[in-house]
Amino acid sequence: MERYIPVKHISLTLAARMLEAAVRKAEELGARVNIAIVDASAQLKAFYRMDGAPLLSIGIAQRKAYSAAAFGMETGKWYDMIKDNPRLLHGLPHTPDLTIFGGGFPIIIDGEIIGAIGVSGGTEEQDEIIARAALAVAADA
């Protein structure tokens with residue numbers, strides 16, 4: 001019987017590099033966003049609020065990251081999975097802290113989820129582009 005299970009978490013160094021890449025991409029797109037990075041346990045590791053980013057998006061970015069870490073999948077994939085099931089469509093979005101629109105992605109290294117990123121404040125498409133720019137840093141690490 002195993003007494004514990006080791007869990008890998010994103011380092012602060014990698015999280016900071018990912019935040020920098022996300023900010024660069026957001027500036028390139030002309031978007032002002034909030035960027036949240038959580039560890040593998042979905043606990044906040046790093047956060048950045050660009051000047052002028054919407055206040056409401058602070059929590060949304062954190063919930064996107066939480067949702068991506070908790071379920072191990074992109075938040076933007078949820079709607080297509082639940083749209084044809086009325087019980088899920090009307091019930092699942094009421095789950096505390098679950099976000100089902102794009103901008104949240106798990107951070108996967110060597111097949112393991114080490115954390116997740118959530119971006120909010122731009123359009124859904126911009127949020128996803130910005131998050132993917134940060135994920136590219138993690139892939140190269």
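Me: Which residue in S4 does Ala36 stand opposite?
Reply: In this predicted model, six bridges join strand S1, residues 34–39, to strand S4, residues 112–120, and the two run antiparallel. Within that pairing, the residue in S4 that stands opposite Ala36 is Gly118.

Me: And what is the bridge partner of Ala36 in S2?
Reply: S1 is also joined to S2, by five bridges, and these two strands likewise run antiparallel. On the S2 side, the bridge partner of Ala36 is Phe47.

Me: Which residue takes a positive phi in the hairpin of S1 and S2?
Reply: The hairpin of S1 and S2 has four residues between the strands. A positive phi near 65° is found there, and the residue that takes this value is Ala42.

Me: Which strands are the edge strands of the sheet?
Reply: The four strands form an open sheet with antiparallel pairing, in the order S2-S1-S4-S3. An edge strand pairs on one side only, which here applies to strand S2 (44–49) and strand S3 (104–109).

Me: What angle does the direction of helix H1 make with that of S2?
Reply: Helix H1, residues 12–29, packs on the sheet and touches S1, S2, S3 and S4. Its direction makes an angle with that of S2 of about 25°.

Me: What angle does the direction of helix H2 make with that of S4?
Reply: Helix H2, residues 56–71, packs on the sheet, where it touches S1, S2, S3 and S4. The angle between its direction and that of S4 is about 155°.

Definitions and conventions:
Residues numbered from 1 in each chain as written. Predicted model: local features only at pLDDT ≥ 70, side-chain atom pairs only at ≥ 80, totals over all residues. Heavy atoms only, no water. Pairing = 2+ DSSP bridges. Contact = heavy atoms within 4.5 Å. Axes fitted to C-alpha atoms, helices over the stretch in contact; angles between N-to-C directions.
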